[in-house]
Amino acid sequence: MCGIVGTIGEKALRTYLIEGLRSLEYRGYDSAGTSFIDQGKVTTYRLPGRIADLEGLVPKEVTASAGIGHTRWATHGEPNFTNAHPHTSNRGLFTLVHNGVIDNFRILKRKLETQGFTFASDTDTEVIVNLIEFHYLKGLTPLKAIQKTIEELDGSYALAILFKEENERIYFAKLHSPLVIGKGETTHYLASDYLPMLAYAKTFYIVTDYQYGYIEQQDVVVKHLDPQEEKPITFHETELTVDDIGLNGYPHYMLKEIEESPEVVKRIADNYFDDNHFLFDDVLLQKMKEADQLIFLACGTSYHAAMVGRRYFEEIGKTCRVYIASEFAYYPEVKGENPLFIVISQSGETADLIRCVQLIKQRGNPLLTITNTKGSSLDRASDFTLLLYAGMEIAVASTKAYIAQVGLLALLRAALMGNNDILTDFIQVIAGMKNIIDSRDDIETIAQQIMSAPSAFFLGRGLDYDVAVEASLKLKEITYIHSEAFPGGELKHGPIALISKNVPVIAFISDPITAAALRSNLEEVKARGALVYTISNLALAKEDDAFITPNVKVYLSPLLKVIVAQYISYFAALHLNRDIDKPRNLAKSVTVE
Ligand code: AGP
């Protein structure tokens, strides 16, 4: 969702802001803007549209001592010029960009209106900037005015703020939305994540909740709303490099990330298994054994990985629940006495999960976060973190993170069972993945056959159903084809009414227990004219199957089947000429509820 950049005194200020925003495009956005400050004059360029449009708007040569930039993913008000950030206060004293949502902005807006403030946009952001000005005009310093303001805000925010009278300083504040400070050789940077700063900064500081302060070329001041919490900050290095975020010859990040899957599985094994030993924290394993319930919470693709995780742990005798985080956040049902919560999130910044974590903290139950993002809000909030080591995932559609999530859950289960043979099973998976990657042209043919359909259906049973749900999400996300997934046996209970001539039905078959039952469901849809594409495996293959994956242990079959599903969506989107890495309306990291 929204992205923020800012820096001071940088010679290549324009380049940093524009290229920085470009590197945040993957987060999802519909408008973009920048403000430059030069000798007490703030100039703002903003519009609905893409970074390329903004680049055309900002003059080639910009003289300025500091600047901030923003990509907006609309929450309050449609994407238009007036709602795009940056926003400036009524008297022009403060200009800011904001990532997050202010829940009480209407009350604050009314309060400001009674004080004579006026508003041009529909945004909650314009309220923040005017509230800062309101407090400043009462005689506070800018820093105190910002402190006073954020004390009044309910919701989430990452802010970068210019003050007209201090041309070489950028103020900031953060709650529940990500913000990172970078330290370069000659100046400091602000951004929503590391990416914009990788070419400029050597070390980084992840701003934590309730912190606020400012950056200058040589100085950083970080305050905390609770002064007891104020401590010296330390900058760290990141393993990410500019090369990690390149396309490396691929036309799209999604394709690159799908094809990194074998490496991802290897990395998971290398990080959590060594010399015939699992490398998980013994305390975590003990807590998992003692827990009377494992409660999985996640959203989207991560939720689909959690569905697989639930089966894994139920199979070894644990009672499990799996909830969509945005539902659990409002209907938190916990039956057991001693549950352990498992939060799964690629980004580690998903707002629905952050809300759940606040509830878990109040309950005092142990919390394990499985995330790809070290230092993320969820990583920091949890008692135990297991990193996915999938490498930066840039395409909005999650692919390799799912692979890492399912792989890690399989390893965790093996650790609880003491099953050291999993490494052999993983080796088979890696070989199977490579085989599928080598045969991707055959999957492209399937994609070309389904891409013109208005609707598609995915079927499976057991783990194959979990894959079907993920396959359906992927197809919707990047092709905009309507699709649904059902357990094969459920069809006759209603959905079969949707099956008519030439409707594509894609079925996954990996489990001998349900293979025959699913095949008879397929006969039923064929009889109604559906075009059936069966993705089976060598052990269960039949002559007319559309694609056959190599054999792996059934419990690991989602790791192969999902790659076929990802390719189907990718190639369909490619031939439909969709914006594959940045599908419409979507954001990589969903930082608002
Ligand atoms: C997946 O392709 C999606 N873009 C989306 O469903 C995503 O998985 C979901 O928003 C959860 O994100 P997280 O894993 O970063 O928490």
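How far apart are the mean positions of the positive and negative charges of the protein chain? The mean positions of the 58 positive and 75 negative charges are 3 Å apart. Lys and Arg count as positive and Asp and Glu as negative, while His and the chain ends are not counted; the place of a charge is NZ of Lys, CZ of Arg, CG of Asp or CD of Glu.

The model is predicted, with pLDDT of at least 70 required for local features and 80 or more for side-chain atom pairs, whereas totals for chains, interfaces and linings use all residues. Residues are numbered from 1 along each chain as its sequence is written, and side-chain values use heavy atoms, without hydrogens and water.

The protein chain contains 18 helices and 25 strands (DSSP runs of H or I with at least four residues, and of E with at least two, numbered from the N terminus). Its radius of gyration is 25 Å, close to the 25 Å that the globule rule gives for 593 residues, so the chain is as compact as a globular protein of that length. The radius is taken over C-alpha atoms, and the rule is 2.2 Å times the number of residues to the power 0.38. Of the 593 residues, 61% are buried (under 20% relative accessible area; exposed is over 50% and partly exposed in between, with a 1.4 Å probe and protein chains only).

An open sheet is formed by six strands in the order E5-E6-E7-E8-E12-E13, with antiparallel pairing (two strands pair if DSSP finds at least two bridges between them). Strands E5 (87–88) and E13 (220–224) are the edge strands, each pairing on one side only. Within the sheet, E7 (residues 157–163) and E8 (residues 166–175) are joined by six bridges, and alanine 160 stands opposite phenylalanine 172 in E8.

Glutamine 218 lies in the loop between E12 (211–215) and E13. This residue counts as exposed because its relative accessibility is 67%. Glutamine 218 touches Thr186 and His188, residues up to four places away in sequence not being counted (contact means heavy atoms within 4.5 Å).

His188 belongs to strand E10 (residues 188–191), where His188 and Leu190 on one side and Tyr189 and Ala191 on the other are all buried. E10 pairs with E1 (residues 3–8) in the antiparallel sense over three bridges, and glycine 6 stands opposite leucine 190. Four bridges join E10 to E9 (residues 180–184), also antiparallel, with glycine 182 opposite tyrosine 189. E9 and E10 form a hairpin with three residues between them.
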